[in-house]
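Please keep the sequence and the model at hand while reading.

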Amino acid sequence: MTASTQPSFSHQHLSLARLVAFAMPSLCIGALALAVPVYLPQYYAGHFKLGLAAVGAAFMAIRLLDTLFDVGIGLVMDRSRTRFGRYRVWMAAGAPLLMIAVWFLFTPPMAVSFVYLIVTLLLYYIGYSLVVLPHVSWASVLAGRYHERSRIFGVIQVVGVLGAVTVILLPIVLKAPLVGSGIDDMAVRAGFVIPAIALGVVLALTTTPERVVSDHAGETLRARDYWAMISRPDMRRIILADFCLALGPLWMSAVYLFYFRNVRGFTTANASLLLLAYIAAGVAGAPILSWVAQRWGKHRTVMTAAAGYSLGLIGMGVLPRGAFALVGVFMFVMGFLASSFVLLDRAMVADVGDAVRLETGKHRVGLLYAMISTTQKIAAGLSIGFSFGM
């Protein structure tokens, strides 16, 4: 079936089963989005003795360098015309690279160097982009209605949260059975993430035909289109908001284990359980806030959630030290509010893509999502680099 003859899903209400299958790549993405910034820096800094400053510099350098790749892949995706669709071919190409990179990054040899970390991080983030960017761009063209996008991105968010919950729980559940086996927590996480990449991408590719939105005849995509998109007032506002909404939680992720163990007085196991409460809250937060956004508007919902999140973090310092139950409730509320950030920002980017197409006749969804991915990577690089390097 060619792209031109594939059935159009852009104006249909996808069944929940089909939508869950399409969202399955987010299972591994959600797991990686938590494991890499929270557990990996400490793993290389502590277990392999690379030092916090070196690890922070490696993460910051690669994430900033990788932003250039995102812009390039966004431009190329929007020009892609294959019999398999515009985005599916890129996901299929990215999945094997991401699987290989996760294996070498999560299960390195006994002795690693700064160069090893740099190379594996670079391969990982390229593979990550090749899976994430096509997936969210593809999601944006599945729904033609404004509020349907909140539903689609809500399901993607819930699946991602389940992946994050799993990557926290697995090492805790399997700790006793694996005693003496030589398999550490990061290897356990790799054992979940790598099959999840393959399963998620295969399910999305085989269950959801892609409708390719055509551009005006003779239209050619050029690098200057990047400036045209970033100079739009609506896109500038979303980019700035997305950067701020990413930097706060990512900065918290970078220092999370250090802060909760050394300042708040929790063990590593209890800190992981508290993080689980934060992540699991997204299972409730994503669908509820998606429902709220459909009735109240995406921008109002995310602004209210961001205000509540900021006020909550200010009050974190007054909570009693070591109060597990109280801090658990606090973390659940924070996670509930934070679940709206990525969900609604991505849905609003899709709305901008519609506006661009109506105004210019050009399809720029891939480029728009590459720009948002770029802000996420800059925020992630700065959060780890500044936290560990200062």
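With a disulfide taken as a pair of cysteine sulfur atoms within 2.5 Å, the count here is 0 disulfides. The model is predicted: local features need pLDDT of at least 70, side-chain atom pairs count only at pLDDT 80 or more, and totals for chains, interfaces and linings use all residues. Residues are numbered from 1 along each chain as its sequence is written, and side-chain values use heavy atoms, with hydrogens and water left out.

**Cysteines and burial**

- A disulfide is a covalent bond between the sulfur atoms of two cysteines.
- C28 is buried, at a relative accessible area of 0%, whereas C244 is partly exposed, at 48%.
- Of the 390 residues in the protein, 56% are buried.

**Aromatic residues**

- The protein has 11 aromatic pairs, where rings of Phe, Tyr and Trp (its six-membered ring) pair if their centres lie within 6.5 Å; planes under 30 degrees apart are stacked, over 60 edge-to-face, and the rest tilted.
- One of these is the tilted pair of Y44 and F48, with 5.4 Å from centre to centre and 35° between the planes.
- Both partners count as buried, Y44 at 0% relative accessibility and F48 at 11%.
- One aromatic cluster is made up of Y256, Y259, F260, F266 and F324.
- R189 lies over the face of Y39, 3.8 Å from the ring centre; a charge sits over a ring if NZ of Lys or CZ of Arg is within 6 Å of the ring centre and within 35 degrees of the ring normal.

**Helices and contacts**

- The secondary structure consists of 14 helices and 0 strands, counted as DSSP runs (helices H or I, at least four residues; strands E, at least two) numbered from the N terminus.
- Helix α11 covers residues 268–296, and its 29 residues should span 42 Å at 1.5 Å a residue; the expected span is 1.5 Å times one less than the number of residues.
- The end C-alpha atoms of α11 are 40 Å apart, which agrees with that span.
- At A284, α11 bends by about 35°, and the proline P287 follows within four residues; the bend is the angle between axes fitted to the seven residues ending there and the seven starting there.
- After α11 comes G297, with a positive phi near 105°.
- Among contacts (heavy atoms within 4.5 Å) between residues at least 6 apart in sequence, 85% join residues at least 24 apart.

Conventions: Buried < 20%, exposed > 50% of the residue type's maximum accessible area, 1.4 Å probe, protein only.
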